[in-house]
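Dear colleague,

I am handing over a structure that I would like you to look at before you read my notes.

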Amino acid sequence: MDFIEGRKIIRSDLLSGVEHFFTTRELCLFSKEADMTDNRRVVEEFLGQKMATNQPVHGINIEKVVSGKFFYADTDGLLLRKGCAAYMNFGDCVPVILYCGDGGIIAHAGWRGTVQKMAQTAVKRMTTEFGVNANEIKAVIGPAICLDCFQVGKDVYDGLYGSVTDHTEGFRERYGEYYAGLKDINRQQLIEAGVEQIDVCPYCTACGEKLFFSYRHENKTGYRHSAVLKL
């Protein structure tokens, strides 16, 4: 846990030395219900530069952040080189941050993106773009809805089940009800892509300490928490 102007943020020890964090309810950067310009200003002043962002469509398209362009439509992944900063917004979906010495990616993996293997798509883009092996990549999975809170239909369950070969974690079928743990499934996708250094945030967006916003469990709230990365 850390703070920006007294407001809570979450960082991963795995990316020590890399400026990254997940905002909480105390430092919201996006809302459909209110103007969050002041909070974005606070974060950009903290980072010392303007941030790029995206419009997610629950796909696997990854765009490279380029100088002078700060908004990327129809995009669920942002690739950053040194000198770039970006943020991405989440309600219950999984934030995935990948990093190697030369660059990084922020990816949005809801259940649709997870079925399409967004995490593995991002790893492949990293290895191609930066000429690294998957085992050189550090991965952080941010706060997202947990297995206990994410009940799904059988079609969604089957799609997620088919996205990995190891089903030890992330799946539960009980009395005709189906539950999926998106963080666990994305972690397994990363492992199957060859990533060895992975940190998974323990917080659920829907239960526990209520540090984050939950689209599913807060009446489709328009507020979002964010993943921020600066290289």
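What follows is a short account of the chain as a whole, and then of two of its residues.

This is a predicted model, in which local features need pLDDT of at least 70 and side-chain atom pairs count only at pLDDT 80 or more, while totals for chains, interfaces and linings use all residues. Residues are numbered from 1 along each chain as its sequence is written, and side-chain values use heavy atoms, with hydrogens and water left out.

The whole chain

The protein chain holds 5 helices and 17 strands, where helices (H or I, at least four residues) and strands (E, at least two) are DSSP runs numbered from the N terminus. Its radius of gyration, taken over C-alpha atoms, is compared with a globule rule of 2.2 Å times the number of residues to the power 0.38; because a compact globule of 231 residues would have a value near 17 Å, the 17 Å of this chain agrees with the rule. Along its principal axes, the C-alpha trace spans about 50 × 40 × 30 Å. Of the 231 residues, 52% are buried, meaning under 20% relative accessible area with a 1.4 Å probe and protein chains only, whereas exposed means over 50% and partly exposed lies in between.

K183 in helix α5

Helix α5 covers residues 182-192, and its buried residues are L182, K183, I185, N186, Q188, Q189 and L190. After α5 comes G194, which has a positive phi near 100°. Although K183 is buried, it has no salt bridge, and the nearest side chain of opposite charge, that of D184, lies 7.3 Å away. A salt bridge here is a side-chain nitrogen of Lys or Arg within 4 Å of a carboxyl oxygen of Asp or Glu, and for charge Lys and Arg count as positive and Asp and Glu as negative, with His and the chain ends not counted. The side chain of K183 does, however, reach the backbone oxygen of C201 at 2.8 Å. Leaving aside neighbours within four places in sequence, K183 is in contact (heavy atoms within 4.5 Å) with residues including V94, I141 and Y203.

S163 in a loop

S163 sits in the loop between α4 (154-161) and β14 (171-174), and it counts as buried because its relative accessibility is 2%. Its side chain reaches the backbone oxygen of L160 at 2.7 Å. Not counting residues up to four places away in sequence, S163 touches T114, V115, K117, I185 and Q189.

Terms used: Polar contact = N/O pair within 3.5 Å; in protein donor to acceptor, adjacent residues only side chain to side chain.
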